Amino acid sequence: MSTTTQHPTSFSPRDLELKLKAARLVDPAESLPTPPSSNSSGSASPPEHGEEYEESYFLRSFEECVAIYDDPSRSKSESLALLSDEEVILLSERGKVAVYALEKLFGMDELERAVRIRRAIVSRASDTKSLENSSIPFEDYDYSRVLGACCENVIGFVPVPLGIAGPLQIDGTMYPIPMATAEGTLVASTSRGCKALNAGGGVSTVLTHDAMTRGPAIDFPSAVQAGRAKVWVDSEEGHAVIKAAFESTSRFAKLQSLKTAIAGRTLYVRFATSTGDAMGMNMISKGTEKALETMKEYFPSMVVLALSGNYCTDKKPAAINWIEGRGKSIVAEAIVPGKVVTGVLKTTVEALCNLNIKKNLIGSAMAGSIGGFNAHASNILTAIFLATGQDPAQNVESSMCMTLMEPINDGEDLLMTVTMPCIEVGTVGGGTVLGPQQGVLEMLGIKGAHAKQPGQNAQTLARIIASAVMAGELSLLSALAAGHLIRAHMAHNRSQVNTPAASVPVTPGPAPRP
Ligand code: ADP
């Protein structure tokens, strides 16, 4: 008998070496064979002299594995190092090891092993059993940055192609525009827009507002009491008390305003605060919680129903964001010379302005849009969000954008602006801690906290996004306008004889220039 079967918790050096080797997951395609012979407790017999050792035969019984795992003389991570992946899977499948806790149990040096084992457990419990052998990558990733910060129950990562548009001149500096996307032509089209904008001297931006918001819902026994609380919050005294409590929680959170509203006996308070280089949701939540604790000292009957009462409004369409702004409010502006509009964009200033009014303004008004007065701001913004580690769910409000175009210099040139009141971005916290995303921020020169002026890195990112959105808007609208010009040209200048009828009616519009 081997020492393994006699004393599950002690090992010969050879056994230990084999166990540590077996810590690599066996190929599930070869799947574990049943041990050639088992004793009554189900543990494997050692191979006969001269037989080849097969690592997979060293799957010990559940009881043996439990004994090793529970040995009080070792830490859990030390015990797990003595078990093969298959044995850990066995323990987990029998409820001894929680799948969600694998990283904690294995320790920081074995995070990839924890992910590998979770994949196997999830895979084998699923109908398809495909995950374990799937093309979803999991190796060579720094899971230490994910743990406790970005994701739970990790089984790998999903790479997204990263392209570069531009560079684009923004406020005098050339920036490459990083875009993570699976939408073909998006990067190329944005690049074309960058080229046209650069030809006119680039984009200028102005930041008009910078405040993240949180809007808790607070119940009172009656509407009268809710009304009293509203008056207090709106008063100088109430504001000062709340501000002091709020700002005690972070050196970066500076309370800018409190907006109150009542529905029945429920009071909503929209806290708006600067958050340095963080996007700020964690920071503002902490501050709001503290402020409400202090407020309760003045209004003991109040009940905080939810720290977020949707008056914020986070990750949902809302007019309040469009009107008041959330995160960074940016206006970007550029002049595109007429010869660039015709030469690079293959359309005319007149056709572009006409299309912008009919599509982005009137069309969106007809659709009852809130903040959707643009062609595809979300495309560019979300691609940059993914590349730089932003919260992609916030593209809902961050993509709100009004694209405006007007002819200047007697109709020769194009003046273009995009107005984006809610760009919610940060360069610290959230997904910005991940290595690849940090690499992208580093390339832009805005990684982490700004050394001298907290908030400036995040603001620069918002300026870059608005400017890139402008490039995307210009290029797509030009393509649409140019397409229209081609159709108009075909309709007006070509013989209709033998030409099949157009399946799409040609919209009357400005005549193409000769
Ligand atoms: P968020 O509030 O966006 O969810 P986190 O709370 O994860 O972000 O990250 C913000 C943390 O980073 C805070 O603990 C804050 O103290 C710290 N921090 C360091 N430098 C800065 C900075 N320049 N701006 C904002 N936060 C900073």
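Predicted model: local features only at pLDDT ≥ 70, side-chain atom pairs only at ≥ 80, totals over all residues.

1. Which of the 15 residues around the ligand come nearest? They are Phe252, Asp277, Gly280, Asn282 and Met283, where a residue is near a molecule if one of its heavy atoms lies within 4 Å of it. By class, the shell around the ligand holds eight nonpolar, six polar and one charged residues; here Ala, Val, Leu, Ile, Met, Phe, Trp, Tyr, Cys and Pro count as nonpolar, Asp, Glu, Lys and Arg as charged, and the others, Gly among them, as polar.

2. Residues are numbered from 1 along each chain as its sequence is written, and side-chain values use heavy atoms, with hydrogens and water left out.

3. Among the residues around the ligand, Asp277 places a backbone N or O atom 2.7 Å from a nitrogen atom of the ligand. Asn282 brings a polar side-chain atom to 2.9 Å from an oxygen atom of the ligand, and a backbone N or O atom of Met283 lies 3.0 Å from an oxygen atom of the ligand. Taken alone the ligand exposes 570 Å², and the protein buries 71% of that (accessible areas come from the Shrake-Rupley method with a 1.4 Å probe, and for residues only the protein chains shown count as cover).

4. A pocket is, on a 1 Å grid over the protein atoms alone, an open set of points where a 1.4 Å probe fits, with protein on both sides within 12 Å along at least five of seven lines, and lining residues have an atom within 4 Å of a point. The lining consists of 42 residues, of which Gly389, Gln390, Gly431, Leu434 and Gln437 lie nearest the centre of the pocket; by class, the lining has 24 nonpolar, 14 polar and four charged residues.

5. Which helix gives the largest share of that lining? It is H11, with four residues. Helix H11 (281–298), helix H15 (377–388) and helix H17 (435–444) each supply at least two residues of the lining, where helices (H or I, at least four residues) and strands (E, at least two) are DSSP runs, numbered from the N terminus.

6. The bond from Gly166 to Pro167 is cis, with omega near 10°, and Pro167 lies in strand E1 (residues 162–170). The bond from Cys312 to Thr313 is also cis, with omega near -10°, and Thr313 is placed in the loop between strand E7 (303–306) and helix H12 (319–324).

7. The loop between E7 and H12 also holds Lys315, whose phi is near 65°, a positive value in a residue other than glycine. Lys315 is partly exposed, with a relative accessible area of 33% (buried means under 20% relative accessible area, exposed over 50%, and partly exposed in between, with a 1.4 Å probe and protein chains only). Thr185, in the loop between strand E2 (173–180) and helix H8 (186–199), likewise has a positive phi, near 80°, and Thr185 is exposed, with a relative accessible area of 64%.

8. Is Thr260 buried or exposed? Thr260, in strand E5 (residues 254–263), is buried, with a relative accessible area of 12%. The side chain of Thr260 is joined to that of Lys230 by a polar contact of 2.8 Å and to that of Asp234 by one of 2.9 Å; such a contact is a pair of N or O atoms within 3.5 Å, and within protein one must be able to donate a hydrogen and the other to accept it, while residues adjacent in sequence count only if both atoms are side-chain atoms.

9. Lastly, some C-alpha separations may be compared with the sequence. Ser79, found in helix H4 (residues 76–81), is buried, with a relative accessible area of 0%, and its C-alpha lies 9.1 Å from that of Phe106, 27 residues apart in sequence. Gly343, in helix H13 (residues 338–343), is partly exposed at 38%, and Gly343 and Ala196 are 147 residues apart in sequence but 9.2 Å apart in space, C-alpha to C-alpha.
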